[in-house]
Amino acid sequence: MATYAGVPVCIKDLENIARASMPVDAWGYYDSGANSEQTKLNNTFAFDEYRLHPRMLRDVSAISTETTVLGQRIRTPLGVAPCAMHKLAHSEGELATSRAAASHGSIMILSTYSTTSLERVIAQGGGATQYWMQLYVYRDRAVSESIVRRAEKAGFKALVLTVDAPILGRRLVDARNKFNPPAHLHLENFMDPSVVNQAGGYVPDLAKSTAETFGATFGANGDQSLSWENGIAWLKTITTLPIIVKGILTKEDTELAIQYGCAGVIVSNHGGRQLDGTLASIDALPQVVEAAQDKIEVYMDGGIRRGSDIFKALALGARAVFVARPVLWGLAYKGEEGARLALELLQSELELTMALAGTANTGQIDESFVYQPTNRWVRYKPAPAQGGRRRRELAAKL
Ligand SMILES: Cc1cc2nc3c(=O)[nH]c(=O)nc-3n(C[C@H](O)[C@H](O)[C@H](O)COP(=O)(O)O)c2cc1C
């Protein structure tokens, strides 16, 4: 457990504790973004460009953060994003995160590259929350299909297909550190006897995969020819679970997600770990919400570090948000208790923001509560015919 002079009272404190207590290379793996980390940094800073536009004298004596996701009521719009290898932060890894998420009522999206098998992770929840299974599609479709079958059997409520990682982004920090995690960690989802390849046997490299061989495994097995047709349409032939596409940043791809019958999209740039230089997630959100036209659900992740960030995302149209690094930092601080603390800190800040902004429930939060003093577009729109040079430049950039 980390030593810390004070009590952590915000996510920044948890970040500082994790940075000070984790091995340098494991910290680097969690923290790093791709290349010059523009997108990673932008994800957090971009929230500052949206100011709150609060209303007064409204009854905020009872605050509720309840909402619905995929037709189910949930206590909070704050969930856990899929992250590989929680055991780098704490020996109990995903089991601890799972208990924390369940007790908090947060949806947990489990990474395919977890260091604990999906069956063991969901078993910790005791039915207290929803679990969604994150997927990659492999060249050998039998491998992906076996994960889908196990997720269905174990009770996962949705499949989250990550589409922004046909190959792994280049993370300079990991390259510099020669990131080489402990050999006792395994990508346990690939160690189950049910993971068979088309020849009917284990997939040798994935089955033996340690975190050390992760990057190579990823590249060698992922299907870089994946498309809407051979990916989403194929997935729909093998499962009836709702499909959520993770890694969407544009209105064009949102329209395709609707066309291909997805249940939702997660506006995300993978925490800035894939393509560097993209829009921040919060900046991409409005155009996705507009294109979704309430036909599919829109969620987002990336850069959320405060309850007011969650509020802004909800105001701009996200139905729910997910956090990755804050939970990993909490896990590094104190296992299950620390992961729960990360969620609780964000939750209580969200409730405080709602009360001070004059919103008693999530249904009252809409775009009238955010404002961009820099005159940037809040909604994605084509350049106006008459709108001044700066506006046209900014609209053209989008
Ligand atoms: C250490 C780490 C591992 C991740 N592993 C995965 C993964 O296995 N699958 C995936 O879809 N996204 C993965 N992500 C991306 C997150 O799901 C999410 O999109 C992003 O990190 C959210 O931003 P935040 O960390 O600022 O909250 C990972 C992110 C981190 C930081």
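The model is predicted, so local features need pLDDT of at least 70 and side-chain atom pairs pLDDT 80 or more, while totals for chains, interfaces and linings use all residues. Residues are numbered from 1 along each chain as its sequence is written, and side-chain values use heavy atoms, with hydrogens and water left out.

Asp301 also has a side-chain N or O atom 2.8 Å from an oxygen atom of the ligand. On the nitrogen side, the side chain of Tyr136 places an N or O atom 3.1 Å from a ligand nitrogen, and a polar side-chain atom of Gln134 is 3.4 Å from a nitrogen atom of the ligand. Of the 600 Å² of accessible area that the ligand has on its own (Shrake-Rupley method, 1.4 Å probe), the protein covers 98%.

I turn now to two helices. How do H1 and H14 pack? Helix H1, residues 11–21, and helix H14, residues 325–357, have axes 10 Å apart at an angle of about 175°; they are therefore roughly antiparallel, a term for angles over 145 degrees. In their contact (heavy atoms within 4.5 Å), H1 contributes residues including Ile11 and Leu14, and H14 residues including Trp329 and Tyr333. The contact residues comprise twelve nonpolar, three polar and one charged.

Methods
Axes fitted to C-alpha atoms, helices over the stretch in contact; angles between N-to-C directions. Helix = DSSP H or I, 4+ residues; strand = E, 2+ residues; numbered from the N terminus. Parallel < 35°, antiparallel > 145°, perpendicular 65-115°, else oblique. Nonpolar A, V, L, I, M, F, W, Y, C, P; charged D, E, K, R; others polar. Polar contact = N/O pair within 3.5 Å; in protein donor to acceptor, adjacent residues only side chain to side chain.
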